[in-house]
Amino acid sequence: MSDTNREESDTKAGPGTDADADADIDIDQWRDELEAKRAEKDEFFDEHPQSPIPPEEREDFEGLDYFDPDPDYRVTATVEAHDDPEVVLMDTTAGREMRYLRAATLTFDLDRADADLEDATAELAAYQLESPNEEAYFVPFRDKTTGQQTYDGGRYMELAADRDLETGDELVVDFNLAYSPFCAFSETFDCPLPPEENWLDVAIPAGERHK
């Protein structure tokens with residue numbers, strides 16, 4: 001079964017999406033909305049027929065594990081759009097390959113308040129399926145929490161856009177919305193694995209954890 005757990009974030013890329021607008025967010029409101037999303041997802045995992053939690057395990061399900069909300073991991077990325085995107089073959093957890101297009105490269109700075117974590121400039125590729133109906137940008141990634149505090153198959157983000165990304169665009173990437181694919185909960189799913197170009201050399205202690 002293919003992983004259809006593609007969660008679209010509230011991020012929008014388009015005219016007027018820039019770092020200055022991001023600086024004006026209400027942190028308390030942002031945190032409340034994030035906690036509400038997490039509670040809604042816990043309810044889905046606990047009660048919905050399409051939950052990836054096997055039915056025999058749902059009675060013991062006590063909610064997903066998360067890092068604390070941290071606005072340091074809500075970053076502004078600069079876009080390099082690829083007009084002639086290359087095909088990327090992603091391995092999957094079931095040993096297959098899935099075809100994606102490398103649609104854009106996102107460059108961002110990590111400025112962290114935690115003195116134990118170094119600041120960094122990093123890049124992530126954003127992909128789309130070859131299907132013309134695919135709208136969201138898919139950003140699978142690994143980081144230094146992978147296999148320790150987070151799922152060993154990596155995590156995903158989805159970035160919605162109200163138009164095609166263009167070089168020079170700026171958009172918000174919120175790692176607090178990073179999530180584990182359904183394969184983290186059941187082997188019946190088949191999920192793409194982050195390609196090596198999206199293996200970050202830094203820890204991203206934000207979003208979903210996985211025991």
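**Aromatic pairs, cores and strands**

Q: How many aromatic pairs does a search of the whole structure find?
A: The search finds 11. Rings of Phe, Tyr and Trp (its six-membered ring) pair if their centres lie within 6.5 Å; planes under 30 degrees apart are stacked, over 60 edge-to-face, and the rest tilted.

Q: What is the geometry of the pair that phenylalanine 182 and phenylalanine 189 form?
A: Phenylalanine 182 and phenylalanine 189 are edge-to-face. Their centres are 5.0 Å apart, with 75° between the planes.

Q: What ground rules apply to this model?
A: The model is predicted, with local features needing pLDDT of at least 70 and side-chain atom pairs counting only at pLDDT 80 or more, while totals for chains, interfaces and linings use all residues. Residues are numbered from 1 along each chain as its sequence is written, and side-chain values use heavy atoms, leaving out hydrogens and water.

Q: Which residues do ring pairs link into a cluster?
A: The cluster holds Phe44, Phe45, Phe61, Phe182, Phe185 and Phe189.

Q: What about charges over rings? Where does the charged end of arginine 142 sit?
A: Over the ring of tryptophan 199, 4.9 Å from its centre. Arginine 209 has its charged end over the ring of phenylalanine 67, 4.7 Å from the centre. The test is NZ of Lys or CZ of Arg within 6 Å of the ring centre and within 35 degrees of the ring normal.

Q: Changing topic: how many helices and strands are in the chain?
A: Two helices and seven strands. Their order from the N terminus is α-α-β-β-β-β-β-β-β. Both kinds are DSSP runs, numbered from the N terminus: helices are H or I with at least four residues, strands E with at least two.

Q: How much of the chain do buried residues make up?
A: They make up 47% of its 211 residues.

Q: Which residues have the most contacts inside the largest nonpolar core?
A: Leu106, Phe108, Leu124, Met157, Val173, Phe175 and Ile204, in a core of 28 residues. Strands S1 (74-81), S3 (97-110), S4 (120-129), S5 (137-141), S6 (155-159) and S7 (170-174) each give two or more residues to this core. S3 gives the most, with five. A second, separate core has 21 residues, including Met98, Tyr127, Tyr156 and Phe185. A nonpolar core is a set of buried Ala, Val, Leu, Ile, Met, Phe, Trp, Tyr and Cys residues joined through side-chain atoms within 4.5 Å.

Q: What does valine 173 touch?
A: Tyr73, Arg74, Val75, Ala77, Leu106, Met157 and Leu159, not counting residues up to four places away in sequence. Contact means heavy atoms within 4.5 Å.

Q: S7 next. How many of its five residues are buried?
A: Four, so S7 counts as mostly covered under the burial cut-off. S1 and S7 run antiparallel, joined by five bridges. Threonine 78 stands opposite glutamate 170 in S7. Two strands pair if DSSP finds at least two bridges between them.

Q: Which residues are on the two faces of S5?
A: Tyr137, Val139 and Phe141 lie on one side, Phe138 and Pro140 on the other, and all are buried. S5 is antiparallel to S6, with five bridges. Valine 139 stands opposite methionine 157 in S6.

Q: Which face of S2 is covered and which uncovered?
A: Val88 and Met90 form the covered face of S2 (residues 87-91). Val87, Leu89 and Asp91 form the uncovered one. S2 makes a hairpin with S3, with five residues between them. Glycine 95 in the turn has a positive phi of about 85°.

Q: What does asparagine 198 contact, beyond its neighbours within four places in sequence?
A: Leu124, Ala125, Tyr127, Val139, Pro140, Phe141 and Arg142. Asparagine 198 is in the segment after S7 and is buried at 0% relative accessibility.

Q: Last one: which residues does a disulfide join?
A: Cysteine 183 and cysteine 191, S to S 1.9 Å. The cut-off is a pair of cysteine sulfur atoms within 2.5 Å. The link is right-handed, with 100° about the S-S bond. Cysteine 183 is buried at 10% relative accessibility, and cysteine 191 is buried at 1%. A search of the whole structure finds one disulfide.

How values were computed. Buried means under 20% relative accessible area, exposed over 50%, partly exposed in between (1.4 Å probe, protein chains only).
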